[in-house]
Amino acid sequence: MDSKFKNRLKFGFLIMLFGIFINYMFEVDRLITAVLINAGIILILYNLYLHIKYREVPSKDERIRKIANTGLAYSWVFTFLIMNLIFWADYFNWFEITVQQVIGIIYFVMLISALLFQQYFKRLGDVE
């Protein structure tokens with residue numbers, strides 16, 4: 001792993017751990033801890049994504065851009081389907097869910113599905 005990715009990963013872990021630390025040691029607003037923990041997680045996931053994406057191939061390639069755009073498009077459609085599923089589950093009162101939980105589900109579905117679709121299309125070699 002490149003040193004710049006390692007340093008950013010360490011920084012993300014430090015931010016996340018600092019957010020957890022001040023949540024348990026001090027009486028601070030929960031919003032501050034949530035922002036710190038989320039910022040750390042975002043830094044970690046983004047840098048892991050960059051490391052996986054650019055570890056073996058050049059960073060500026062038309063094929064890579066095409067795969068990334070296709071993966072993001074498929075991720076958007078998949079996220080849209082998940083949002084519809086959540087809507088109908090709420091409509092038929094299958095379970096109780098808060099707005100924060102819905103946003104959290106959508107956030108992680110978008111992130112994970114984008115990464116998975118891009119990896120899938122990279123393994124195929126090219127998209128049409």
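Which residues of α4 are buried? The legends below take up this and related points.

View 1. The model is predicted, so local features are given only at pLDDT of at least 70 and side-chain atom pairs only at pLDDT 80 or more, while totals for chains, interfaces and linings use all residues. Residues are numbered from 1 along each chain as its sequence is written, and side-chain values use heavy atoms, with hydrogens and water left out. The buried residues of α4 are Val 102, Ile 106, Val 109, Ser 113, Ala 114, Gln 118 and Phe 121, where buried means under 20% relative accessible area, exposed over 50% and partly exposed in between, with a 1.4 Å probe and protein chains only. Helices here are DSSP runs of H or I with at least four residues, and strands are runs of E with at least two, numbered from the N terminus. Against the buried residues of α4 pack α2 and α3, a contact being heavy atoms within 4.5 Å. The 26 residues of α4 reach 37 Å from first C-alpha to last, close to the expected 38 Å at 1.5 Å a residue, the expected span being 1.5 Å times one less than the number of residues. Just after α4, Gly 125 has a positive phi of about 105 degrees.

**View 2. The largest nonpolar core.** Ile 82, Ile 86, Val 102, Ile 106 and Val 109 make up the largest nonpolar core, which has 5 residues; such a core is a set of buried Ala, Val, Leu, Ile, Met, Phe, Trp, Tyr and Cys residues joined through side-chain atoms within 4.5 Å. Two or more residues each are given to this core by α3 (62–91) and α4 (99–124), and the largest share, 3 residues, comes from α4. Leaving aside residues up to four places away in sequence, Ile 82 touches Ile 105 and Val 109.

**View 3. The contact of α2 with α4.** The axes of α2 (residues 30–54) and α4 come within 12 Å and cross at roughly 5 degrees; axes are lines fitted to C-alpha atoms, for helices over the stretch in contact, with angles from 0 to 180 degrees between N-to-C directions. The two helices, α2 and α4, are therefore roughly parallel to each other, a term for angles under 35 degrees, with over 145 counted as roughly antiparallel, 65 to 115 as roughly perpendicular and the rest as oblique. From α2, Ile 42, Leu 45, Tyr 49, Ile 52 and Lys 53 meet Tyr 107, Leu 111, Leu 115, Gln 118, Gln 119 and Lys 122 of α4. Also in helix α2 lies Tyr 46, which is partly exposed at a relative accessible area of 47%.

View 4. With 30 residues, α3 reaches 43 Å from its first C-alpha to its last, close to the 44 Å expected at 1.5 Å a residue. Its buried residues include Ile 64, Ile 67, Gly 71, Ser 75 and Thr 79, and what covers the buried residues of α3 includes α2 and α4. Asn 93 lies in the loop between α3 and α4, and its phi, near 55 degrees, is a positive value in a residue other than glycine. Most residues other than glycine have a negative phi. At 59% relative accessibility, Asn 93 counts as exposed.
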